[in-house]
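Thank you all for coming; please have the sequence and the model open while I talk.

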Amino acid sequence: MGIFSKKRRDADQPPAAGQPADSRMAFAQQMKEQARQLQAQAQAMQAQAMQQGAAYRQASGASAAGAGAAGARAGAGGAGPMTWARQVMAILAPPQPGFVKRCTCVTCGAPKQLPSATAYVYCDYCASLVDFDLRQACEGDTLPGPEYVALVNSSQAASQAAVAASDRDGYRAIQERIFSAYVANVPMAVSHRARNDQGYRQAYVRYMAEAAVARAFDPAYQLLEAEMRQRVMGLRYTGNMLSPTVDPDSFWPMAGTLEKQIELSQAHYRSGGFASIDPDRGEHLLPKMAWSGFCQGWLGLLPTDAAARLLQQTGLTSEYVPVAAVDGQPRHCGGCGAEFTALPGANAIVCEGCGRTMHLGDAEIPCASCGATMTLPAGADETSCPFCQSLVRRAGIF
Ligand SMILES: [Zn+2]
Ligand SMILES: [Zn+2]
Ligand SMILES: [Zn+2]
């Protein structure tokens, strides 16, 4: 009714002098404006991709250990693309409560049984890093703060100068500053072990910086970075700002370059003896972390079938199994108070609440004040009771 009446009113209006010509002019103007906007969008997309490439190069060597994930995510422009990806792809939905990623510990052979709070999946029996869960990682997308971005940008000239002068120590020092800031600024992107375990934090920063040195001073790796820049430049976009899409034909060569970068990073890991300085000893997870970071950045920009193919080819399609009804012993973390399950025969566990490691052979200690019992984190002789803040000391230490 409303539509008809509007039409009639429009039709009833006598055309003012010169109106048709004005309409055509207005229409042409509108088309021109639309074209300009599309062009601006394309430029924005390209800039976003370049930024992503830069973040990727900076943090990732990707591969080197998981900061890649964050780097690519940072470049992806925050929650936008991932939010869209989640809408179109159930495959990226977070794991259901009560389910755990099916995986087995490479260190002790135990299957993962207890739920994991973050993308870093630790063994319930020996506290080794078992797996990296892309779907969990997608839940925690955060952007680095402006201070971190400023630090990275302001360090670029000095980094390049250090490489030009073959100054590995200088380059390493810059990288250590950057990764320290990264751990502090983007805690969601790194292992929860970094939250309260100072030893882990320092080791992680040192390892990441060392891996960055290996990449920066390897001419073969630098060639691959140049190749990656070209691949990113060669991406073709369709769609609009709300649902931009990368043409898969222009995308696969970029994935091919990443594959070569991952292989080279693995070679660096072995030749550089990184297993001795990587606090997670995660060589087996290098490809998975690199691909996860890459996928976090790009999945949301791919057509669904190409996105599914990328997950398939990179082995990132995950199976989830129900958390087993286990006959474990409930205990509490002396660091944060979180309840955890000590499975029969388990030796060590990483607290999902605070990231501290606990040796399960240690007896539970009661708080003299409130009576709560807790397991003290490895290496700690005392703690402030997480329930009443009284001092709790390890047995035998007075
Ligand atoms: Zn294990
Ligand atoms: Zn804890
Ligand atoms: Zn207490």
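Predicted model: local features only at pLDDT ≥ 70, side-chain atom pairs only at ≥ 80, totals over all residues.

Let me begin with a question: is S166 buried or exposed? S166 has 9 other C-beta atoms within 10 Å, so it is exposed, where the rule is that 20 or more other C-beta atoms within 10 Å of a residue's own make it buried, 12 or fewer make it exposed, and anything in between is partly exposed, with C-beta atoms placed from the backbone. S166 sits in the loop between α6 (146-164) and α7, and although S166 is not a glycine, it has a positive phi of about 55°.

Residues are numbered from 1 along each chain as its sequence is written, and chains are lettered from A and ligands numbered from 1 in the order in which they are written.

Now the overall picture. The protein chain has twelve helices and 14 strands; helices here are DSSP runs of H or I with at least four residues, strands are runs of E with at least two, and both are numbered from the N terminus. Of the 398 residues in the protein chain, 39% are buried. If we take the contacts between residues at least 6 apart in sequence, 57% of them join residues at least 24 apart, a contact being two residues whose C-beta atoms, placed from the backbone, lie within 7 Å.

Helices α6 and α7 pack at an angle of about 165°, with their axes 9 Å apart, where axes are lines fitted to C-alpha atoms, for helices over the stretch in contact, and angles run from 0 to 180 degrees between N-to-C directions. That angle makes α6 roughly antiparallel to α7, since angles under 35 degrees count as roughly parallel, over 145 as roughly antiparallel, 65 to 115 as roughly perpendicular and the rest as oblique.

The contact includes R168, E176 and F179 of α7, together with R201, M208 and V213 of α8, and its residues divide into ten nonpolar, two polar and six charged.

Further along, helix α10 (residues 248-271) and helix α11 (residues 286-298) pack at an angle of about 145°, with their axes 10 Å apart, and α10 passes α11 in a right-handed crossing. L258 and I262 of α10 and P287 and F294 of α11 are among the residues that make the contact, which divides into seven nonpolar, two polar and no charged.

What about a residue that is not exposed? A137 lies in helix α5 (residues 134-139), and A137 counts as buried because it has 26 C-beta neighbours inside 10 Å. The C-alpha atoms of A137 and Q296 are 8.1 Å from each other, although these residues are 159 residues apart along the chain.

Finally, please look at a pair of strands. Strands β7 (residues 329-332) and β8 (residues 339-342) run antiparallel and are joined by four bridges, and two strands pair if DSSP finds at least two bridges between them. Q329 has A342 as its bridge partner, and H332 has E339. Six residues lie between the strands of this hairpin, where G337 takes a positive phi near 90°. In a regular strand the side chains alternate between the two faces of the sheet.

Methods
Nonpolar A, V, L, I, M, F, W, Y, C, P; charged D, E, K, R; others polar. Left-handed = near helix turned anticlockwise from the far one by under 90°.
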